[in-house]
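Student: Please take me through this structure a few points at a time, and give the cut-offs of each term when it comes up.

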Amino acid sequence: MLFELAEEAKREVSKYCDDYEVYIDKTEVLQLDSQKTDLNFAKEEISLGLGIRVIKDGKIGFAFTSDMDKIAKTAEDAFENSKLNVVDENFSFAEKEKLPTVKNTFDKKFKELELEEITSSMKDLLSIVEDKNCQATSGGFSAAEGETLILNSNGVSTHDESTGFAIGISVNAENGGEISTAYDSVSSCLYDLDGEKLFNDVCDLAKNSLNGEHIETDDMDVVFDYHAATGLLSTFLSGFNADSVQRGRSLLADKLNESIVSENLSIYDDGTYDGGLNSSICDGEGSASKKTTLVEEGVLKNFLYDIYTSNKAKNQFGLENVKSTGNGFRSSYSDTPSVSASNICFDFKERSQIEDIQKGCIATDVLGAHTANPFSGDFSVEVNNAFMIENGEITKPIKKAMISGNIYKLLSDCEAIGNEVKQRGSFIIPKVLVHNLRVIDN
C-alpha cells in the first residue's frame, strides 16, 4: 500500500516542481500500562502519515497529512509553503546509493501478539513484585511495528520495516517506615525480553537500597551503571551534533584531531549495529546508514551530519570532503529531518572489575542530568540507588549523595567495568568507571 501512496504523491508533486521528496510511515502499536497492580490502560493503534518536501527556486517547502485522500492537497501545500521561505543553498535531497544489510531489527512475532496474552503475562510479572514483598507503583509493556518508505526525485526509493518491544517496572520497598524506590526497563527489536529477571532485579534493588547511610564527602572512584552513564552522557553527545558545532554551541567545534577523552576510549555512531534499537538501512532522508568513527583512541575524528549540515559545511565552512553520516532523522511523517544519533557505541580497550576497586561507589541512576550544561559539560546530580564499594565488594547503601564535575574531564580518565554491554536509549555501553570524582554527602 505504501508504494501506491508514494507513486500518487510523486505524480501530484511533480506538477509543481522537479525537486521533491516523499516520506511515508506506518506504525502499529500495542500498549499496556499498570498503576500499582491494576492494568488500567490498554490500546491497539495504527497510524499512517505522509510528508512531502519540495525545493523550488532554492526555497524549501514542507507539508504533511494523515488523510490519504488529501495527498494532492498536501503536494500543493508543500509547494505554496516554499514561497514563504528564503533561498537556502544548503537544502538538497539524498542521492541514490547502495544500502546496507541490517540484521535483527524485525521480529515477525509481533503479528502473533494478542492483548489477552500480554495482559496475562503482565499479571504474572506483577505477582512477582507482591511475592518479593514490594509494591508496584507503575509499569507497562509496549510493542510496535514501523514501516517507512522514502522516494525522491534523485531516484532514491527505500523501504524498511522494524519492530520494537519494551517492558518496565517501578516499585517501592518499605522497612520500618523507610521507603526506597527502584525502576528499570528493557528494550529490544526482538521479542526476547526477560520480564521475570527484570522484575526480580528491580525488587532486589529497591530492598537493598533501604536503610541507606550517610557518607563522608570525598574524591573517589565512581562506577556508573547503564542508566546512570546514559543520563550523564546524553549531555556529552550534543557536542558531536554538526548543527551545534556550526552554531558555535559545541565545545568540540575546533578540536578535530585533538585528544578529548581517554586514549582508552573510542566512540562510534553505528546505524547498522546488529539488533540496535535505532538501526535501519537508511536515515529519515534516505541516506545509507553507516558506522561513523567519532572518537578514535581518545582523538576527535568526526561529527554527526545530515544532508543540510553537510552541505553547510561545504558551502559556508569550506570543508569539501564532508558528507552526510546518515544521521538525518525525524520523529514522524509530521517532522522534518534533523541531526540525531543512531546507536552510540562506547568501546574501551581497558576493562576493570568491581573487585579491583578499594574505595568507591556505584550509582544505578542519577537525578538531574538534564540540568547539566551541554556546552561546558559541567554537571551536578544526585545519585540514585547508590552503594559503597569497599575492598572490591559492594557493601552498604548510600542514603543521599551528590556528584559534581565535568563530563569531558570525567571521560579523560575512565575505563569499562566488566564485559557486558547494554543498550539504553542511543547508547550501547558497559558500566563505566571514572576516577577521583567528587562525591558529596547530601
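Student: Does Phe-165 count as buried or exposed, and at what relative accessibility?
Tutor: Phe-165 has a relative accessibility of 2%, and the classes are buried under 20% relative accessible area, exposed over 50% and partly exposed in between, for a 1.4 Å probe and protein chains only. The model is predicted, so that local features need pLDDT of at least 70 and side-chain atom pairs count only at pLDDT 80 or more, while totals for chains, interfaces and linings use all residues. Residues are numbered from 1 along each chain as its sequence is written, and side-chain values use heavy atoms, with hydrogens and water left out. Phe-165 therefore counts as buried, at 2%.

Student: How far apart in sequence are the parts tied together by the pair of Phe-165 and Tyr-191?
Tutor: Rings of Phe, Tyr and Trp (its six-membered ring) pair if their centres lie within 6.5 Å, and planes under 30 degrees apart count as stacked, over 60 as edge-to-face and the rest as tilted. Phe-165 and Tyr-191 are 5.2 Å apart, centre to centre, with 35° between the planes, which makes the pair tilted. Tyr-191 is partly exposed, with a relative accessible area of 27%. Because Phe-165 lies in strand 5 (residues 157-175) and Tyr-191 in the loop between strand 6 (178-188) and helix 4 (195-208), the pair ties together parts whose separation in sequence is 26 residues.

Student: Which residues are linked into a cluster by ring pairs?
Tutor: The structure holds 10 aromatic pairs. Ring pairs link into a cluster Phe-110, Phe-141, Phe-165 and Tyr-191.

Student: How far apart in space are Ile-150 and Glu-285, from C-alpha to C-alpha?
Tutor: Ile-150 is placed in strand 4 and counts as buried at 1% relative accessibility. Leaving out residues up to four places away in sequence, Ile-150 touches Glu-21, Tyr-23, Cys-282 and Glu-285, among others, where contact means heavy atoms within 4.5 Å. Although Ile-150 and Glu-285 are 135 residues apart in sequence, their C-alpha atoms are separated in space by 7.2 Å.

Student: How far from the ring centre of Tyr-268 does Lys-291 lie?
Tutor: Two strands pair if DSSP finds at least two bridges between them, and here 4 bridges join strand 8 (residues 265-270) to strand 9 (residues 291-296), which run antiparallel. Tyr-268 stands opposite Thr-293 in strand 9. A charge sits over a ring if NZ of Lys or CZ of Arg is within 6 Å of the ring centre and within 35 degrees of the ring normal. Lys-291 lies over the face of Tyr-268, and its distance from the ring centre is 4.3 Å.

Student: Which residue takes a positive phi in the hairpin of strand 2 and strand 3?
Tutor: Strand 2 (residues 38-56) runs antiparallel to strand 3 and is joined to it by 7 bridges, with Lys-59 as the bridge partner of Lys-56. Strand 3 (residues 59-65) is largely enclosed by the rest of the structure, because 5 of its 7 residues are buried. The hairpin has 2 residues between the strands, and the positive phi, near 55°, belongs to Asp-57.

Student: What is the relative accessible area of Asn-436, whose phi is positive?
Tutor: Most residues other than glycine have a negative phi. Asn-436, which is not a glycine, has a positive phi of about 55° and lies in strand 20 (residues 427-441). Asn-436 counts as exposed because its relative accessible area is 59%.
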